[in-house]
Each structure stands twice: as structure tokens, then as C-alpha cells.
Amino acid sequence: MSTDAVGVTVTLADGRRIDSADIAAVLNRTILAPFTAMAQGQWPDSAYARSEQSAFALSWLEGLAPVVVNSPAARGLAGAWRSATEWFGLARRAGLPCAALTVDSREPDTLVRMPMRPNDGLVVGRQTFGVPDRPGLRAAAVELARAADTPLLGLWFSREGPPRLEMATPHPDLSVGGEFAVEALDELLAA
Amino acid sequence: MILLFGIPSETPLAMVAAALDERGEKYVLINQRDVHGNRIRVSSDGDRLGGELYTGELRLYLNEVDGVYLRPMDDRRLPELAGEREQSALRRRTIAFHELLVQWTEAAEITVINRYSRMGSNFSKPYQAQLITRAGLATPDTLVSNDPAAVLAFREQHGELIFKSISGERSIVKKLGADDLGRLGRIRHCPVQFQAWVPGQDIRVHTIGGKCFATAINSAGVDYRYAALRDGAAAELTATTLPDEIAQRCLALSDALGLEFAGIDLRRDPDGRYVCFEVNPSPAFSYYESHTGQPIAAAVAARLAGMGPARSSARRPASAGAAHDPGDTVAA
């Protein structure tokens, strides 16, 4: 890495070599850095190794190609993981109606909010899949993805009453979009 | 209303509190160590974000808060939790308090110095370096690798090298010496960051409210922060003025990283070229202010009070204008 250029080469155990100079775009679905045995060893060296290897993964994913979807963030290698409080803050500014929320530090379980079902909706760049057909909702979903810097974004909506955002994820189940989502991804990566 | 969060006796926090007193601003200092008394409750009806924060005998309404200065230590290491089991109720509530306070500062449309989401780039130095170069500042030639042969080739190309951690852990800079070459094979277990050695003078730049406060450091040590400890001679710090172009780039970098307040580490090489090593998002500015008299705490207080531009929309370097722990922190 120099001021002018960033290059990444990865040599795999079987001898294959990946060079960032040959890569135009990356579909990034990395959740955790690949940890070596050192990261599984004795504390505190194991914690140090995990921190180092996560930091390394973040840097090489960032420099791997001109287009990385989703680009890595310090709070998530496939895009920032956010709490419901944070997603709702962004969503309100994007014009997306949100569900009611009460979170209390005296009740730590209230901080955990992840629906136990695949995401209902999907944003891929400027296209949406499975987002309810209500005035302004799809445009607001696209704006949320843009504001969150996660062009690939999964959304959950309330099932009762008018659709309101319940949660979002930078690592969505893509199946809700079917083949059309694959085409949208292809367009996004080629942009 | 302004909130300060951390340990009241911690020097940077105490200096900002004193600066707010000086200005006559109303603020509440939330003692991080009051693990039994602190509580936060955030609520939303779907349209508006609200809630309450309890600390000591006080109850604050979150929608009355205009600015927050976050300066906590790693909450897992609070002395009050030393004897607590991993999943004890007190430990879980304390962690939840820290998490929810951070979550609220992320969502609330107020001045926050600094939002945790914006501090994150410091977690990975080579990641942050890519953001630094995009903002127009030069960085040292760098190799991160677990391949000893690649390191030797890099050394052949650049001559003297330093090495340091990739993350913020154990972040001490050392020159790569003959002893280190003998154990280079160990990097196969965990990649290490190597950089071309850049000679010259260290300069720490604090950016806040559209201003730059620059401090020149003279030190014989490889890493001036630890000069007294490792090399036996303390660093000398003096206020200095940056060339306007470099000051503008520092402000642009803080903007690009989304930081209201940043500590930027530069070095001016013998040819007058400025190289940026890293940006600290929770700078221990007191070390620099106490040596130079630069009014950094006052600038932080002013920004919390709503004075000055958000981050750096006004571009003007401040003119060149006592010892504490020099360690910057990335609060956990």
C-alpha cells in the first residue's frame, strides 16, 4: 500500500493466487474474518490475534476491488451491523415508517431485536424486492440503503396494520428477490 | 443540555468539564463508574425518538440533550465489575447501559464527540490509511503480510522498516532490527504491518470546530508517546503552525471520517513532505494542551455548546498558541 495505490495478493494453500489488480468487483458476504490457530489459543494472545486478523480482513476487503458490495465497515465486514435504535433513526430520516420501540438498560434483553424469519424485503442498489407496495415506501427503502452505505440491505416489516420497519440487516437472505435480484446484483457490481 | 460521559477524574474529560464551567454552560457529567445508578431508557412511537437517562439522583430527558462528549474507558475493565461473573445481572446491565447510550448517540440528531460508528476506522490502521489517502494526505509505503519472503523483499526495496500492530491493540511502534529478522517466521501465524521508516519531526494535529491545533514533537524515540519509558528521554512539545494546504487536508480528513474531533499524527520529512500515520478518534489532547497551552478543551466545549461549524465547514488553521498520560484511547 502506498499513497498512490493499494494492492492485495492472496496465495491460497493450493497455490492459487488472487490479485486485486485482476478484480473489478466483489460481492462481499463476509461475516467473520478467517481466524488462524493462534486466534483459538490462550488469552490474551488469542484476543490479540482475533483483533489483528479482523483488522487485516477489514483492510484487504476494502482494497480488494474498485466495487465491493457491501463495502466493509469497522462494525461489520459485510457492512455495518446496527441496532434497531440506529436503523430506526436512519429510517425516519429516509422517510420509512418504523415500528414502536422501547429499550431499557435495566432489561438487557430488550436490546436484542432480530426477527426469527428471513427478511421480508430486499434492496439491491436502486431496486427493491418484497417491499410492500405503499406510496413512497420503496423509494424510502432505497434511500435507507444509500444512507446506511449498504446497497445490499434486508428489511423486515410489521405484519399487522400498515407496514412499518421492524429491523434491517446488511447481510440479507437474497432468496426473496429470486432471479430478478441476481440480475440487479449483476448490474450493481458492473456499475 | 450537554452530557459528558466517562470517569470524572480522567484528565481530558475533567478539562472539558472545566472549559464548560468557564463558559457557563449547563452540563451533566455521567460517571461511568456509577454502575448501580446509571440507567438509560430509549423509546420511540415510530416517529420520534425519546427517553430518559438516570444518573445519581438525576433524571434527564434525552430530547433535551444538544451535545455529548463520549470519553469512557473499556467498560469490561471497570473496577466496580472486577468481582462480577461474566453473565451477572450487574455486568449485563452495565454493558447494556454503555451499548444503549452509544446506540442513542448514533440515532439522535445532536452534536456527538465522537460517534462510535465514526471512531471505527481506527480499529484497522491499513483500512484507515486507505481513507487517509483518499482525503489527500500521503501515507508511508506499507506492507501487511504473513509471508517472511515478502517482508524481506519490502525491506530490500525500502531499507529501514518499522513494524506495529494492524489493529489498535498493543499499538507500539518498533524498528525492525536484526533480532526481529531472526524470528520473522512467526508472522506466518498472524500477519504483521510493516512500514517504510520515515525520518523527520512528529506533528500532532487536533481538529475541532473547523480549527487545527498543531503540536511539534522533538523526540529521540521511535514512538514519542513512549519515549521516556523506553528510551529514557521525554519528548519536547511546542505549538506550531501548519502550511495552509496541510491544515485544509487535515480538516478534510476529519470531515471524510465523520469526526467532530480528531488527533491526526503527521511527520514532516527532511524534504518538507508531510506523511500521515493515523487518526485517533478519541484523542488524549490533555497531554498536548498541558505542554503547549493550546486551547483545545475550550474548542471542544465550544463545539459541544453549538458554537462553530459542524466538523470543518469553515477552513481556518488556528495560530500556534503541563503533563498527563499521553495514551490516546479508542473507547470500547
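Visitor: At what angle do helix H1 (residues 11-23) and helix H10 (residues 296-304) of chain B pack, and how far apart are their axes?

Guide: Two packed helices are described by the angle between their axes and the distance between those axes. Here H1(B) and H10(B) pack at an angle of about 65°, with their axes 8 Å apart. An axis is a line fitted to C-alpha atoms, for helices over the stretch in contact, and angles run from 0 to 180 degrees between N-to-C directions. Helices (H or I, at least four residues) and strands (E, at least two) are DSSP runs, numbered from the N terminus.

Before we go on, this is a predicted model: local features need pLDDT of at least 70, side-chain atom pairs count only at pLDDT 80 or more, and totals for chains, interfaces and linings use all residues. Residues are numbered from 1 along each chain as its sequence is written, chains are lettered from A and ligands numbered from 1 in the order in which they are written, and side-chain values use heavy atoms, leaving out hydrogens and water.

Visitor: Which residues of H1(B) and H10(B) meet?

Guide: Contact means heavy atoms within 4.5 Å. From H1(B) come Met15(B), Val16(B), Ala19(B), Leu20(B) and Arg23(B), and they meet Ala297(B), Ala298(B), Val300(B), Ala301(B), Ala302(B) and Leu304(B) of H10(B). The residues of this contact divide into ten nonpolar, no polar and one charged. In that count Ala, Val, Leu, Ile, Met, Phe, Trp, Tyr, Cys and Pro are nonpolar, Asp, Glu, Lys and Arg are charged, and the others, Gly among them, are polar.

Visitor: How many residues does the largest nonpolar core have?

Guide: In soluble globular proteins, nonpolar side chains tend to be buried together. A nonpolar core is a set of buried Ala, Val, Leu, Ile, Met, Phe, Trp, Tyr and Cys residues joined through side-chain atoms within 4.5 Å. Buried means under 20% relative accessible area, exposed over 50%, and partly exposed in between (1.4 Å probe, protein chains only). The largest core has 51 residues, and Leu144(A), Leu155(A) and Trp104(B) have the most contacts inside it. A second, separate core of 33 residues includes Ala135(B), Ile203(B), Leu259(B) and Tyr274(B).

Visitor: Is Gln103(B) buried or exposed?

Guide: Gln103(B) counts as buried because its relative accessibility is 9%. Look for Gln103(B) in helix H2 (residues 89-107) of chain B. Leaving aside neighbours within four places in sequence, Gln103(B) is in contact with Ser83(A), Thr85(A), Glu86(A) and Leu111(A). Two of the buried residues of H2(A) are Thr85(A) and Glu86(A). Helix H2 (residues 84-94) of chain A is mostly covered, with ten of its eleven residues buried. After H2(A) comes Gly95(A), with a positive phi near 90°.

Visitor: Now the sheets. What is the order of the four strands in the open sheet of chain B?

Guide: The order is E8-E11-E9-E10, with antiparallel pairing. Strands E8 (142-145) and E10 (174-175) of chain B stand at the edges with a single partner strand each, so one side of each has no neighbour in the sheet. Two strands pair if DSSP finds at least two bridges between them. E8(B) and strand E11 (residues 192-196) of chain B pair over four bridges, and Thr142(B) stands opposite Gln195(B).

Visitor: Which residue takes a positive phi in the hairpin of E4(B) and E5(B)?

Guide: Gly56(B) does, with phi near 55°, and the hairpin has two residues between the strands. Strand E4 (residues 49-55) and strand E5 (residues 58-61) of chain B are antiparallel, and Leu53(B) stands opposite Leu60(B).
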